[in-house]
Amino acid sequence: MSYEVEKLEHSMAKITIEVSAEDFEAAMQKSYIKNKKRIAIPGFRKGKAPRKMIEKMYGPEMFYEDAADFAMQDAYKEAYDSCELDIVSRPEIDVVDIGSGKPFIFTATVAVKPEVQLGQYKGVEVEKQEIKVVAADVNAEIDRVREQNSRMITVDDRAVQKDDIAVIDYEGFVDGEPFEGGKAEGYSLTIGSHSFIDTFEDQLIGKNAGDKVDVNVTFPEEYHADELKGKPALFKVEIKEIKSKEIPELDDEFASEVSEFDTLKEYKASVKKMLTERKKAQVQRDKENEAVEKAVENATVELPGPMVDEQVSQMVNEFASRLSQQGLSIDQYMQMTGMQPQMLMDQMRPEAEKQIKTRLVLEAVAQAENLKATEEDVDKEMERIAEMYRLDAAKMKESMGDEEKEQISKDAEVRKAVEFLAKEAVEVEGAAETADEDAKETEEA
């Protein structure tokens with residue numbers, strides 16, 4: 001096997017690969033072995049006809065497609081491993097010359113990692129944020145914990161109110177006829193959640209357990225079922241049960257149940273400390289994100305189309321995986337939303353371009369500043385990944401191959417580049433404060 005590389009415009013390259021006649025003959029023989037069982041020749045049992053006899057009757061061309069596949073797999077891998085290109089896309093293959101008894105020639109057009117021209121990345125301006133936690137923040141967090149520790153109780157001494165959960169049986173009718181999907185038993189409906197159409201929930205307020213209620217509503221014009229769009233409907237509803245959320249009292253007993261502290265005062269102090277640490281981490285993330293965005297904005301890089309296509313495909317696959325975890329296939333999602341595959345890819349393309357450019361710029365910053373990942377950096381990155389996926393970091397490290405470890409090392413260098421940009425950034429007062437100061441200076445002038 002031999003190859004030649006031709007660099008093209010827009011970070012593309014064409015690799016012309018020649019497979020020797022001998023190697024292509026071996027591929028032809030593999031193709032014959034694969035296909036002979038489905039070929040019938042008079043005078044021979046199926047699958048027993050010699051290759052020369054088959055080629056004489058049908059021509060050697062019948063083996064070319066699989067022979068080309070066999071030859072290309074090995075030859076392209078060898079060229080990929082030995083050429084000095086940093087290939088970032090699947091190859092687009094074109095056959096140049098194919099024939100029995102002669103070299104097989106094909107081309108592989110690929111995208112290569114584009115060059116990045118860094119602009120200003122050190123000393124970019126980012127908005128200064130105050131790390132401040134007030135009483136309202138503490139109270140909101142404690143209310144959230146109280147909400148989490150609430151319990152549902154059955155109500156039998158009053159009517160339905162907002163925020164209650166009404167357990168109902170219902171059946172819907174349009175033009176006097178029941179419709180598909182319009183019936184349920186024992187459904188728990190949170191009053192005020194607006195999860196049901198129109199004024200359905202409002203019409204249950206003031207009703208009691210055991211009541212049978214006629215609920216009149218109108219389906220919205222944009223409803224997903226065409227046969228129901230804009231149609232008035234009657235729901236026969238029976239209220240089986242009313243439930244209310246009981247939130248625990250805010251006192252020392254509550255504090256001792258949800259924390260390691262005995263008093264509400266101590267618990268509130270610990271919540272404030274936790275929120276302060278959380279705020280610090282958020283402010284640091286915001287600073288990093290803004291510094292990275294500025295560095296990316298100031299850089300110049302031309303992304304090859306196939307590289308972006310690869311990223312879009314990966315994002316679509318990840319999206320489909322998340323849908324499947326929710327019990328929904330990508331085809332079902334398309335049907336429900338009216339989305340077409342190309343529309344989905346077009347929607348994801350800008351984000352794909354942003355992700356690629358950001359990664360390339362951060363890699364360029366790491367290279368420019370000689371930010372090499374130490375073993376400690378790699379271990380830290382592995383711990384971060386293990387925590388994200390709830391894995392054991394030590395076991396994960398043992399199971400990784402050299403390529404995976406190399407990728408994590410690169411990820412650690414990118415992480416160091418993010419930290420470097422944030423450290424070098426210059427914090428300035430926010431736009432709102434600056435605008436106020438400008439207005440004040442104008443008035444004084």
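Which backbone oxygen lies 3.0 Å from a polar atom of the side chain of Arg-146? Keep that question for the third stop. This is a predicted model, in which local features need pLDDT of at least 70, side-chain atom pairs count only at pLDDT 80 or more, and totals for chains, interfaces and linings use all residues. Residues are numbered from 1 along each chain as its sequence is written, and side-chain values use heavy atoms, with hydrogens and water left out.

**The whole chain**

Start with a cartoon view. The chain has 13 helices and 11 strands. Both are DSSP runs numbered from the N terminus: helices are H or I with at least four residues, strands are E with at least two. The radius of gyration is 33 Å, well over the 22 Å that the globule rule gives for 445 residues, so the chain is more spread out than a compact globule. That radius is taken over C-alpha atoms, and the rule is 2.2 Å times the number of residues to the power 0.38. Along its principal axes, the C-alpha trace spans about 95 × 70 × 55 Å.

Switch to a surface. Its accessible area comes to about 28,300 Å², and 46% of that belongs to carbon and sulfur atoms. Areas come from the Shrake-Rupley method with a 1.4 Å probe; for residues, only the protein chains shown count as cover. Of the 445 residues, 33% count as buried. Buried means under 20% relative accessible area, exposed means over 50%, and partly exposed is in between (1.4 Å probe, protein chains only).

Colour by charge. There are 61 positive and 100 negative side chains, and the centres of the two sets lie 5 Å apart. Lys and Arg count as positive, Asp and Glu as negative; His and the chain ends are not counted. Each charge is placed at NZ of Lys, CZ of Arg, CG of Asp or CD of Glu.

**Stop 1: Ile-15**

Select Ile-15, in strand S2 (residues 12-19). Ile-15 is buried, at 0% relative accessible area. Show its contacts (heavy atoms within 4.5 Å). Beyond four places in sequence, they include Val-5, Ala-79, Leu-85, Phe-106 and Val-110. Val-5 is 10 residues away along the chain, with a C-alpha separation of 4.6 Å.

**Stop 2: Ser-89**

Move to the loop between helix H3 (64-82) and strand S3 (92-97), where Ser-89 lies. Ser-89 counts as buried, at 10% relative accessibility. Its side chain reaches the backbone nitrogen of Ala-111 at 2.9 Å. This is a polar contact: a pair of N or O atoms within 3.5 Å; within protein, one must be able to donate a hydrogen and the other to accept it, and residues adjacent in sequence count only if both atoms are side-chain atoms. Leaving out residues up to four places away, Ser-89 touches Val-110, Ala-111, Pro-306, Met-307 and Glu-310.

**Stop 3: Arg-146**

Now select Arg-146 in helix H4 (residues 135-148). Arg-146 is buried, with a relative accessible area of 19%. The opening question is settled here: the backbone oxygen belongs to Pro-248. Other residues that Arg-146 touches include Ile-247, Glu-249, Leu-250 and Phe-254.

**Stop 4: two positive phi values**

Select Asp-163, in the loop between strand S6 (151-155) and strand S7 (165-174). Asp-163 is not a glycine, yet its phi is positive, about 80 degrees. Then pick Asp-175, in the loop between S7 and strand S8 (177-190). Its phi is near 55 degrees, also positive in a residue other than glycine. Is Asp-175 buried or exposed? Asp-175 counts as exposed, at 66% relative accessibility.

**Stop 5: Met-382 and Met-400**

Go to helix H10 (residues 375-388) and select Met-382. Met-382 counts as buried, at 2% relative accessibility. Beyond four places in sequence, Met-382 contacts Met-396, Lys-397, Met-400, Lys-405 and Ile-408. Select Met-400 next, in the loop between helix H11 (393-399) and helix H12 (402-424). Met-400 is buried, at 15%. Outside its sequence neighbours up to four places away, Met-400 touches Met-382, Lys-405 and Ile-408.

**Stop 6: Phe-420**

Finish in helix H12, at Phe-420. Phe-420 is buried, with a relative accessible area of 15%. Among the residues it touches are Tyr-121, Lys-122 and Val-365.
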